Amino acid sequence: MRFQLLGPIAASCGGHPIPLGSPKQRCVLAALLLAPGKTLSTEQLIQCVWGDFPPATARSTLHSYVARLRGSLRRQDSAVAIVRRAGSYVCTVPADDVDLHRFRDLTAEARAAGSGVESERILEEALALWRGEPLSGIAGDWAEAMRARLRQERLAAELDRIDRRLSVGEAGGLTAELRDLAAENPWDERLVAQLMTVLFRCGRQAEALDHFESFRRGLAEKFGVDPGAALRGLHEAILRDDPELSASPAPAAPAQDVAVAAPRPDWFVQCQLPPAGPVFVGRSGHMEELEDLLTRAAQGTPVGPVVITGSPGVGKTTLAVHLGHRLRAAFPDGQWYVQMPAAGDRPRDPSEILTSLLHASGMDAAAPLGTVDDQAAAFRSRLADRRVLLVIDNAADAEQVRPLLPGTAGAAVLITARRELRGLSVSHAAHAVRLQVLEPGEARALLSGVLGEERVAAEPEAAGRLAEQCARLPLALRIAAANLAARPGRSLATYATELADGARLTKLSIAGDRQAVRTAFDHSYAELEPSAARLFALLGLHPGPEFSTEAAAALLGAEPSVAEELLDILAAASLVQRTATDRFQFQDLLRLYAAEHAAEDPLHEEAWERLCDWYLAAADAATAFEYTGIAQLPRPRAGSDRFADRQQALEWLDQELANMTAVVSQAASTGPHHIAWQLTDQLRMYLCARLHRVEWKRMATAGLHAAEAAGDILARAAMLQSLGVLGHHVEDQGDNLKHLLGALEGFRAGSFTPGEAAALSNLSVYYGRRGEMRRAEEWQKRSLTLIRGLDRPVLLGVALDIMGLIHSYLGESEQAIESTSEAIALSRRHGQPLETISPLVNRAIAHHGRGDYGAALADGTQALWLSRKHRERRNEAEALEILARTHRDTGRLGLARPLAEKALAYAREYADPGTLNGHLTNLGELLRLSGEFPQAVAHLTEALKITTRCGFRHQEAEARIGLARVRYAQGDVPAAAEQAEAALTVAEELCLRPAEQRARAVLAAVGRADAEHCGHHR
């Protein structure tokens, strides 16, 4: 699959275009393709599409766009996908399949190849990828900003290509091209230099000088500055008629090749940058962005200061120093480095820094300096017309930096800071870059760079574990690598295990050296005001992957507005990361650091209990719309209006699921134990309906352990029942029956009749799924007897619905209709529209069983409408299946086929083996009737295998009947007889009258075929 961004946004597969939808939908795809493999939050994507004023429906519309794009891409290439991760999206597409990233790779390759013919050829290939205006077809501020950046990238590549041609003496054919480029980019000094060089080589010296003079005047009038030193040097060389210009490349080459101008007598050129480390990995995207910004500043384009922020130890200084060394040639008048904290981490006074910089620049030490304002003015004057890079490391705030900023273009400022310098963005249009931890491959490359590729390659799995134990934080990785390098015989696996065993922050240090992860964290923590520091510590108690403002408020015991303000301080200090408007997360090592401080808070247990209580209350409110359990444990449940509607509640549940799973596990381990089983019990219906089986099992298992530890009989019974119901929906049945019988025993011992009735009903389901319908009927009768003595209409409706399906399997259609009709009436009477869907489907099955196809279609259609209205895909699959069966048996195969196919697709998504089996059998029968015998056999064989694995014997009979019919249609009478006889044996044993009749019908047809065969051979 190929994606095109360098022109109209497009995608194709095998040369065929792929429809991408509306302009805004294309905008979503473009944003994801610009960062393949990188996660973009929902808020970032909304900003890209709608800017600062999105509509109220932006979030739901965005999800729709993503769903449509997923469908378009999935149909073409399974390797390309848009994946959702914790409120964010990521596009998994090979970068080489996107023309923009191919262009960037080629330009980088060309620059690495030097200045020869091969480099020019690669640049030609890169530029050939452009098909017009980039990202055309989409509008908005983000799109315009990206287009401007991409135009700059194209211009840089075009100028690189022209440099390659100039380097081999070419000139004549470049004049028109350069004039066109100069008209589009009038203030690019590199372009001016190339055009002057070409004019000079073509014998048009006067025109070259006129072009310089015109450029100089325009620059002075528009920006109040003069051309840079390199361009002025070229002007002087043309005036001298320097013979070297006739054969050499243009003097104003790419930034890394700019010639160093001779210093003025009163100016000292200095490189104060610290040494660059021998191993630098990753940050390629940031490097490209920052090099572009700083190079443009060196060329005279006004660019605000660049601020690099990020959590402690993420590599801010390393990146800044690395960049400084790479760009030395672009700043021939010097590269200065200012470390802002003084001894003892006291912030340095701006006056002290200015004095040092002025003297370093060559200013007479005896000259009077005056006030800070006088010093700042003198400093700006000294920097005027200079190409200087000033690296300010570890700035405390914007106020500390402002006096150090130059007043003219040409000088660039690169700042690192632990906290965001938002004020600098307001006053000086600062460009902020936030660093994250390294990607897994980059972390491995850092380890390899220190330890050697051979040592790391010998333990790839251990290297990955070690990187994760270091949270892929560069400082932690370097310390770990240094410790391993000092002990060559120590394995990576051993060290990774040691880190995992505890005291990780203590172990991530170097003996006899201040280099330690904890030390880096201490600096940032010490700068926090007390209330922010306390919240930071308490957040270490939160066990989930991310947390909301409300959760933080619960820990703090304060209003959300207070927590929001403090979280903003923590985010600005890079101690937490904002993942959405009101959601945050920790970097793993910072979580450990926060937890250490939380343990020192004497009130941390109360804070943890407040968080647990908040999650339970919020879950109560969120499940009240739809997922209230039919036999939940008795406890007080306060009403709440925190959620406006079902959809908002469902979004909260989905968003907080991982956190609630972690809270249950933590509560089961350390207390309060009741939270573990109460939260699990409250969420059971939600977990079931939304197919969260992994989380369901983790929570129910943890809740069971908590209940057993507390000796709570009813809680243990509820958790056993939860595990038993989970067993209905997975192939690995395990201790399903044991769980359900244990639940029944516990509910009886605790005298909780609703729980006992629910356990009896679930035992009925257990036996029904194995085809033992008479045993299922007995269990369900016992359940109904108990329920009718309770005021539990929902529980009664569910039990009646199950009984109706049992009657259908037994061929007792009238009883099935009676039972399901009562269930429907109950649900309607008590305002439970969702609870009517399943009995409508099962009543349709009963109508179908007795041949009343009109009634079956009516019930099935109503069930389908309700399922779609309430977005209940599992119920929708069941409704589609009975409608397909009814159309099939009335000869309307054209109507039946798409319904059956869609039902099977939903069943595969739901992954319930019993449901999947029924849909496979139904579609297999349709394929047989359509004459597609191989496909029919494949579906029916798959169904038969599932019945064998799971023990679904009633479905085994149906699958065998289907196979018998196919074999008979294919003329394989013995195989048909074998399958039909096996089906009949099962049906008779289990009293499945409808299945028995169908099996006998096949055997009768087989008998007639045998008789005819014998008659032909007499």
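## Basis of the description

The model is predicted, so local features need pLDDT of at least 70 and side-chain atom pairs count only at pLDDT 80 or more, while totals for chains, interfaces and linings use all residues. Residues are numbered from 1 along each chain as its sequence is written, and side-chain values use heavy atoms, with hydrogens and water left out.

Three strands make up an open antiparallel sheet with the order 1-2-3; strands (E, at least two residues) and helices (H or I, at least four) are DSSP runs numbered from the N terminus. Strand 1 (2–4) and strand 3 (16–17) are the edge strands, each with a single partner, so one side of each has no neighbour in the sheet.

Two strands count as paired if DSSP finds at least two bridges between them. Strand 1 and strand 2 (residues 10–13) are joined by three bridges in the antiparallel sense. Arginine 2 lies opposite serine 12 of strand 2.

Buried means under 20% relative accessible area, exposed means over 50%, and partly exposed lies in between, with a 1.4 Å probe and protein chains only. In a regular strand, side chains alternate between the two faces of the sheet. In strand 10 both faces are covered, with Ala412, Leu414 and Thr416 buried on one side and Val413, Ile415 and Ala417 buried on the other.

Strand 10 has parallel pairings with strand 7 and strand 9. Strand 7 (residues 306–309) is joined to strand 10 by four bridges and runs parallel to it, and valine 307 stands opposite isoleucine 415. Strand 9 pairs with strand 10 over five bridges, also in the parallel sense, and valine 391 stands opposite leucine 414.

## Helix 14

Helix 14 (residues 372–383) has 12 residues and should span 16 Å at 1.5 Å a residue, which agrees with the 16 Å between its end C-alpha atoms; the expected span is 1.5 Å times one less than the number of residues. The buried residues of helix 14 are Gln375, Ala376, Phe379, Arg382 and Leu383. These cover an arc of only 120 degrees around the axis, which puts them on the same side of the helix; the arc is that of the directions from the helix axis to the C-beta atoms.

The buried residues of helix 14 pack against strand 8 (335–339), helix 13 (350–360) and strand 9 (389–395), where contact means heavy atoms within 4.5 Å. Exposed residues Asp373 and Ser381 are carried on the face turned away from the buried side.

Arginine 472 and arginine 871 are each in a loop between two helices. Arginine 472 lies between helix 19 (460–469) and helix 20 (474–485), has a positive phi of about 55 degrees although it is not a glycine, and is buried at 19% relative accessible area. Arginine 871 lies between helix 39 (853–869) and helix 40 (873–889). This residue is not a glycine either, with a positive phi of about 55 degrees, but arginine 871 is exposed at 59%.

The peptide bond from glycine 671 to proline 672 is cis, with omega near -5 degrees. Proline 672 is in the loop between helix 29 (646–670) and helix 30.

Threonine 680 belongs to helix 30 (residues 673–689) and counts as buried at 0% relative accessibility. Leaving out residues up to four places away in sequence, threonine 680 touches Val664, Met699, Ala700 and Met719.

Arginine 693 belongs to helix 31 (residues 693–710) and is buried, with a relative accessible area of 14%. With the sequence exclusion of up to four places, arginine 693 touches Leu726, His729, Val730, Tyr910, Ala911 and Asp912.

## Cavities

A search of the whole structure finds four cavities of 30 Å³ or more. A cavity is a set of points on a 1 Å grid over the protein atoms alone where a 1.4 Å probe fits but cannot get out, and lining residues have an atom within 4 Å of a point. The second largest cavity has a volume of about 80 Å³, the volume being the space filled by probe spheres set on the points, which are joined across faces, edges and corners. Among the residues lining the second largest cavity are Phe280, Arg283, Thr318, Leu438 and Arg478. Helix 12 (316–326) and helix 20 each supply at least two residues of this lining.

Definitions and conventions
1 Å grid on protein atoms, 1.4 Å probe; cavity = no way out; pocket = protein on both sides within 12 Å on 5 of 7 lines; lining within 4 Å.
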